[in-house]
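Dear colleague,

I am handing over the structure we spoke about, and I would be glad if you could look through it alongside the notes that follow.

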Amino acid sequence: MQERVFLSHKQINDDLLKGSFQTPLWYWAVMGLFAFLTLCGAVAFGYAINKGLGVTGLNRPIMWGFFLTDFIFWIGISHAGVMLSAILRLAKAEWRRPATRAAELLTVLSLMVAALHPIFHLGRPWRFYWPFPYDFSRGIWPDVRSPLVWDPHAIFTYLIGSTLFVIIALIPDIAVLRDKTRGIAKVFYGALAMGWRGTPRQWKLQIVAGFLLSALLLPVFVSVHSIVSWDFAVNIGAEGWHVTIFAPYFVIGAVHSGVSGVVTMLILLKWMFGWDDYIRKEHLESLAKLLIVIGTLWFYFFFLEFIFALYNLEDQEIALRELQAFTWPYNLIATVFMFFGYLIPVPLWLFKKVRTNWVAMFITSIMVNIGMWCERFLIIVPGLARKTNFNFSWGSYTPSWVEITIIVACFSLIFLLIMGFAKVFPLIPLFDIKEGQILSDEIQIGKRTVPALRVEE
Amino acid sequence: MAQLLALYKTAESAAQSTEALEGAGITNEEFDILTDSPYPEGAFGEKEPQHKLYVFPFMGACIGFTLAMIETIGTQTAYPLVTGGKPIFSMPAMTIIAYELTMLGAIIATVIGIFFESRIPNPFAGIYDERITEGYIGITVVCDDSKLDSLETLLKSNGAEDIIIEKQS
Amino acid sequence: MLRRRRTISSTHHSHPPVVPPNEFISDFLEWHTKSKPGLNRALIVFSILTSFGLIGLLIKIFTVGLDNRQDWGYVATITAFLFSTAGCAPFIVIGLRMIKAHWRRPIARIAESYSLVTIVTFLLVLLLLVLVPSSQNRRTIWFQNDHIGTVGAIPFTPHLYVAIGILSMVLSGIALWWTSLKPDIQLVNAYKKSNKPLSNRSWIGGLKQWSIQKAGLSFLGAFFFMSMIWAITLYSVDLCMSLVPGWRDAIFPAYQTLTGIQGGLATIILTMYFLRRFGGFEKYIYMEHFWAASKPLLATCLLWFYFWFSAFIIFWYGKMPIEQDLLQLIMFGPYNIAFYIGFMFCFITPFLILIWNTVRKTIWGPPLASAFIIVGCFFDKLRLYVSAYSVQDDLSLHSITTIPPTILPNLSDILIIIGGISLPIFAMLLSTRLFPIISIWEMADGLRLTKVTKYLRTELRVLGKPD
């Protein structure tokens with residue numbers, strides 16, 4: 001059921017710019033905490049550079065552990081932006097309006113944080129630039145046949161594209177901030193607004209830009225996580241990795257965790273800033289229905305991945321699956337993954353009472369991300385633990401305090417940057433909300449007044 | 001010459017004013033609308049904006065593709081090393097790099113095109129008032145000094161809350 | 001002839017006419033009940049062509065029998081082709097109903113009517129199941145293997161479960177079609193003042209009946225969606241992949257599902273075009289419908305390439321002999337021409353047509369792309385199924401030992417292909433003859449929720465969103 005709210009443009013400006021103009025005490029406390037945790041992570045990373053990778057839990061044969069798991073997790077979260085902003089914009093879904101900027105921001109920030117992870121787990125992090133073709137003098141070039149070279153190309157394309165997408169859509173809202181501020185803030189926003197006035201030409205190009213960039217970013221978003229999946233899938237050495245379904249499996253898993261991440265973020269924003277008129281139950285319900293479809297699609301790909309892993313009935317593969325399903329601690333992680341990732345949230349979302357309950361959706365969306373983090377761990381570590389045929393070279397993995405600190409710091413960094421962004425720019429696009437109001441209408445059918453939408457063709 | 005900005009509280013009065021302006025011989029090429037959110041095209045009778053934004057992604061894609069070919073073919077020719085039994089020029093791998101750089105080129109060129117077609121950055125874009133972003137609708141007209149008074153009267157009689165005039169030397 | 005209503009165009013927008021629901025209903029019922037000699041002639045032609053298929057099938061059964069899988073590759077191809085075109089068409093309207101897209105309304109009944117074709121495909125699948133050995137001690141998704149001690153744990157695999165899976169898809173599709181048709185049958189019979197047994201006098205159009213019908217469509221839609229995916233998974237794995245030793249491709253069922261969605265959408269677009277062209281439905285099927293349908297069609301073309309590449313890059317990269325042989329068999333060896341045609345027509349050509357917005361915004365653009373896709377779909381199935389059925393190796397081996405030579409179609413195969421391609425056309429023509437081919441209740445519902453109104457100095461279409 002739609003709960004339409006009609007507010008004046010001034011009211012919309014005041015409500016949605018609250019974060020930029022008011023700073024409650026809790027904001028500084030939260031920022032302080034996140035900054036502290038991020039600093040701890042930086043210290044831990046510095047320690048690892050100084051002492052070497054031996055301070056982590058990584059060792060032969062498990063050379064990819066928490067860092068890679070988190071890398072894939074954050075790439076996954078980054079898929080939320082394009083899913084919600086681009087696909088829903090192309091589909092002209094009205095309920096996307098409050099969620100687009102938060103989703104796009106989450107994309108950009110999570111990509112930046114994801115890009116840090118390969119640097120964390122390098123033995124010589126100061127040589128992180130080697131995958132780029134830079135060395136004209138010595139003539140030594142990266143191997144373009146390697147997925148580890150495809151990765152930087154894909155991630156940087158997506159990062160640059162998403163950042164530009166956020167910037168373009170932000171310009172009209174920066175103009176609002178320019179007009180509402182004074183002094184140095186006005187100069188700052190004025191420079192960023194670049195002379196935006198809101199002429200029909202500028203608005204038309206905004207709309208066209210939205211569609212065009214959405215259409216361009218969509219294929220990129222599919223390709224990024226596919227290329228990340230091919231880091232594993234093209235490998236014929238590790239058990240459980242060489243399957244053709246990894247690309248769409250990773251992508252749909254990314255969308256599942258990303259959209260859940262956006263749900264978490266939207267609910268937090270509503271609670272923190274009091275945006276009850278802008279983030280309403282209809283948005284929550286639509287997101288939940290989308291998650292049911294995505295989650296079920298993800299489950300289908302998981303099912304295919306699992307049965308085709310066992311398809312050849314090879315002993316090594318069976319040993320791996322037994323390790324994942326029946327051996328501690330992987331069996332616990334597998335249980336958490338399956339129940340938190342799908343078996344609890346998706347059936348719950350079938351009930352309207354759950355879909356329209358803020359607390360229930362908050363908890364279930366976090367559960368999904370816990371489950372999906374465990375899924376990435378289960379893909380990477382057990383396969384490496386049973387990498388070779390000789391069980392004397394099998395290994396186990398226990399993360400050290402360095403890895404755990406850095407992972408926690410990455411989560412804190414994301415929250416820190418989001419909170420910082422909220423201080424400077426609005427997290428809900430002002431003009432999008434205003435446009436939604438302009439396009440709202442009603443149709444009278446008998447005694448019933450049906451909400452309607454004005455459509456331009 | 002002078003620039004005139006009339007501010008309206010409601011879209012209906014602004015639309016009425018543009019109709020009155022056309023009745024007074026001001027064509028839709030001579031007035032412009034300033035709003036804080038997009039309105040349906042033609043809502044105020046304004047001129048339909050023409051643009052060539054679609055050219056930019058194609059140009060960018062071509063540049064990106066060229067760069068990708070230079071990178072893949074150039075680097076592998078300069079440092080040929082057979083890895084994993086795959087040929088020096090491996091089409092599937094080259095396809096991936098080419099695809100990414102083509103899309104990157106298209107995206108960057110599109111953004112350049114957006115700035116170009118939107119005519120920003122432009123700090124001297126013209127007359128403006130901060131109330132536009134509060135929900136007021138502005139109609140700007142460029143006219144001779146001799147027409148200022150009549151236009152001012154016309155616009156005020158059609159519901160303009162305020163009129164701002166900037167004379168250009 | 002359908003009456004034309006004057007359209008008011010603004011400077012910026014030109015809207016198609018919004019006809020009052022009652023005018024549409026009376027116009028359409030008049031069209032539906034009048035005699036159509038052109039349609040009857042087409043029916044006769046396509047019934048003859050379809051019967052060629054039956055003749056070819058009978059020739060094949062009585063000449064080569066059901067002993068050798070090699071002789072039945074083209075039957076498997078046409079069965080997969082029918083699944084991927086007409087069989088998946090209902091899914092398109094289910095998806096559009098789920099997202100409440102208004103443009104589904106004129107095409108809903110077209111899509112649902114194609115579920116009738118799945119009856120024949122089910123019978124063909126039963127025939128092909130005779131050629132498929134039991135899943136014991138060979139690689140299948142049923143894991144009936146002495147090596148892991150599970151022989152007999154799931155009896156009658158794969159035959160029973162493939163049959164049940166496909167039957168569930170068939171039944172849910174037909175149930176969906178009938179549930180949607182019920183109100184319109186009553187309307188047609190009331191118009192004709194007929195008392196035929198099919199008049200379904202239980203339908204009176206009360207609010208409760210409409211609620212139940214809506215819930216029924218949702219439930220049947222969800223059930224069709226799940227059974228379609230399961231049926232295609234089973235068909236593609238048990239009647240294709242598992243017949244080739246060493247072929248392990250986890251994405252294959254999803255790839256076949258995607259080609260089904262692409263083929264189904266292309267089938268609907270082409271049908272929409274012909275219905276508009278020869279049925280005189282310009283007022284109800286217009287450019288916006290083709291434009292709206294072209295976007296998911298473009299998306300499916302891109303996804304086709306994506307799914308294909310995801311499999312190809314994995315097989316190509318590792319240079320494992322098993323996978324290199326597989327690539328030879330299904331792509332670059334004896335069926336390379338079919339593969340290249342499929343690649344060109346399922347991806348390259350429709351992509352190059354649909355990438356232009358000006359072409360997407362035409363009546364002819366999307367149907368042209370759809371025609372290429374349907375041809376490409378056939379050749380794509382050919383290179384997969386004929387090659388799979390041509391393999392003579394023992395299925396318990398780890399890989400194929402020899403790449404079999406190309407098997408060209410013989411006379412019975414050609415007759416079966418002709419019959420198979422004609423079957424959906426015949427089914428659609430028959431459906432048009434006997435039942436309302438446009439969903440009257442759904443169209444009327446949409447027209448009731450649509451109006452053109454003045455907004456400031458322009459005109460806009462207003463679409464009601466009741467849910």
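Where in chain B is B:Gly85 found? Please keep in mind throughout that this is a predicted model. B:Gly85 sits in the loop that lies between α2 (55-78) and α3 (91-118) of chain B, and with a relative accessible area of 54% B:Gly85 is exposed, because the cut-off for that word is over 50%. Although 50 residues separate B:Gly85 from B:Thr35 in sequence, the distance between the two in space is 61 Å, C-alpha to C-alpha.

The rest of chain B gives that distance some context. Its secondary structure comes to 4 helices and 4 strands, and these follow one another along the sequence in the pattern β-α-β-α-α-β-α-β. The domain assignment of chain B gives domain 1 (2-47 + 127-167), which is made of two stretches of sequence, and domain 2 (55-117); the centres of domain 1 of chain B and domain 2 of chain B, taken over C-alpha atoms, are separated by 48 Å.

How does the radius of gyration of chain B stand against that of a compact globule of 169 residues? Chain B has 26 Å, whereas a compact globule of that length would have a value near 15 Å. Along the principal axes, the box filled by the C-alpha atoms of chain B is roughly 80 × 35 × 25 Å. Of the 169 residues in chain B, 52% are buried, and of its contacts with a separation of 6 or more, 81% are accounted for by residues 24 or more positions apart. The accessible surface of chain B is about 7800 Å², and carbon and sulfur atoms hold 61% of it. As for charge, chain B carries 9 positive and 23 negative side chains, with 4 Å between the centres of the two sets.

Turning to chain A, its secondary structure comes to 18 helices and 2 strands. The radius of gyration of chain A is 23 Å, close to the 23 Å that the globule rule gives for 457 residues, so chain A is as compact as a globular protein of that length. The C-alpha atoms of chain A fill a box of roughly 75 × 60 × 45 Å along the principal axes, and buried residues make up 64% of the 457 residues in this chain. Among the contacts of chain A with a separation of 6 or more, 80% are accounted for by residues 24 or more positions apart. Chain A exposes about 16800 Å², with 69% of that area supplied by carbon and sulfur atoms, and the mean positions of its 37 positive and 30 negative charges are 7 Å apart.

In chain C, one residue was examined. Is C:Val170 buried or exposed? C:Val170, which lies in helix α7 (residues 159-192) of chain C, has a relative accessible area of 5% and is therefore buried, since the cut-off for buried is under 20%. Leaving aside residues up to four places away in sequence, C:Val170 touches C:Thr118, C:Ile119 and C:Phe122. C:Val117 is 53 residues from C:Val170 in sequence, and the two are 8.8 Å apart in space, C-alpha to C-alpha.

Notes: Residues are numbered from 1 along each chain as its sequence is written. Chains are lettered from A and ligands numbered from 1 in the order in which they are written. This is a predicted model: local features need pLDDT of at least 70, side-chain atom pairs count only at pLDDT 80 or more; totals for chains, interfaces and linings use all residues. Side-chain values use heavy atoms; hydrogens and water are left out. The radius of gyration is taken over C-alpha atoms; the globule rule is 2.2 Å times the number of residues to the power 0.38. Buried means under 20% relative accessible area, exposed over 50%, partly exposed in between (1.4 Å probe, protein chains only). Contact means heavy atoms within 4.5 Å. Accessible areas come from the Shrake-Rupley method with a 1.4 Å probe; for residues, only the protein chains shown count as cover. Lys and Arg count as positive and Asp and Glu as negative; His and the chain ends are not counted. The place of a charge is taken as NZ of Lys, CZ of Arg, CG of Asp or CD of Glu. Domain bounds come from an automatic or database domain assignment.
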